[in-house]
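Reader: Please take one side chain in this structure and go through it closely. I would like its surroundings first and the wider fold after that.

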Amino acid sequence: MTVIYGMIEETYSLKRDARTSYGIAAYADSAQEGTATIVASVHDITSDKHRLEELVSMCNRSRLSPIHLDDVIEDFLGT
């Protein structure tokens with residue numbers, strides 16, 4: 001299965017306070033699988049959109065297997 005990674009943007013709010021956070025989702029390759037099913041996701045990773053865009057790009061370039069996504073996120077947060 002080929003996986004394509006994308007960014008998730010979510011807004012969290014509590015009363016009048018709101019914040020935007022970004023996560024990552026792994027989608028089954030629609031060209032090969034005929035679907036856009038999410039096979040893995042991690043929400044609320046960072047509020048830094050640019051940094052997460054770089055992570056998504058790296059995951060796609062390296063053709064990261066979804067089984068390693070949690071490890072990559074852990075390394076990302078450790079830097």
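Author: Aspartate 44 counts as partly exposed, with a relative accessibility of 34%. The model is a predicted one, and the description below should be read with that in mind.

Start with the charged partner. Aspartate 44 forms a salt bridge with arginine 19, and the closest N and O atoms of the pair are 3.0 Å apart. A search of the whole structure finds one salt bridge. Arginine 19 belongs to strand E2 (residues 17-28) and aspartate 44 to strand E3 (residues 38-46), so the pair ties together parts that are 25 residues apart in sequence. Arginine 19 is partly exposed as well, its relative accessible area being 41%. Across from arginine 19 in E2 stands tyrosine 12.

Aspartate 44 also has a polar partner. Its side chain is joined to the side chain of serine 21 by a polar contact of 2.5 Å. Serine 21 lies in strand E2. Is serine 21 buried or exposed? Serine 21 has a relative accessible area of 1%, and the cut-off for buried is under 20%, so serine 21 counts as buried. Leaving aside residues up to four places away in sequence, serine 21 touches Ile8, Glu9, Glu10, Tyr12, Asp44, Ile45, Thr46 and Ser47.

Three strands make up an open sheet in the order E1-E2-E3, with antiparallel pairing. Strand E1 (3-14) and E3 are at the edges and have a single partner strand each, so one side of each is left without a neighbour in the sheet. From one strand to the next, the twist averages 25°. E1 and E2 run antiparallel and are joined by twelve bridges.

Two helices lie across this sheet. Helix H2 (residues 49-61) lies across E1, E2 and E3 and runs at about 155° to E1. Helix H3 (residues 69-78) likewise lies across E1, E2 and E3, running at about 15° to E3.

Last, the confidence of the prediction. The average pLDDT of the chain is 92, and 92% of the residues score at least 70. Among the elements of the chain, H2 has the highest mean pLDDT (97), while helix H1 (residues 30-33) has the lowest (62).

In short, aspartate 44 forms a salt bridge with arginine 19 and a side-chain polar contact with serine 21.

How values were computed
Residues numbered from 1 in each chain as written. Predicted model: local features only at pLDDT ≥ 70, side-chain atom pairs only at ≥ 80, totals over all residues. Heavy atoms only, no water. Salt bridge = Lys/Arg side-chain N within 4 Å of Asp/Glu carboxyl O. Helix = DSSP H or I, 4+ residues; strand = E, 2+ residues; numbered from the N terminus. Buried < 20%, exposed > 50% of the residue type's maximum accessible area, 1.4 Å probe, protein only. Pairing = 2+ DSSP bridges. Axes fitted to C-alpha atoms, helices over the stretch in contact; angles between N-to-C directions. Contact = heavy atoms within 4.5 Å. pLDDT = per-residue confidence, 0-100. Polar contact = N/O pair within 3.5 Å; in protein donor to acceptor, adjacent residues only side chain to side chain.
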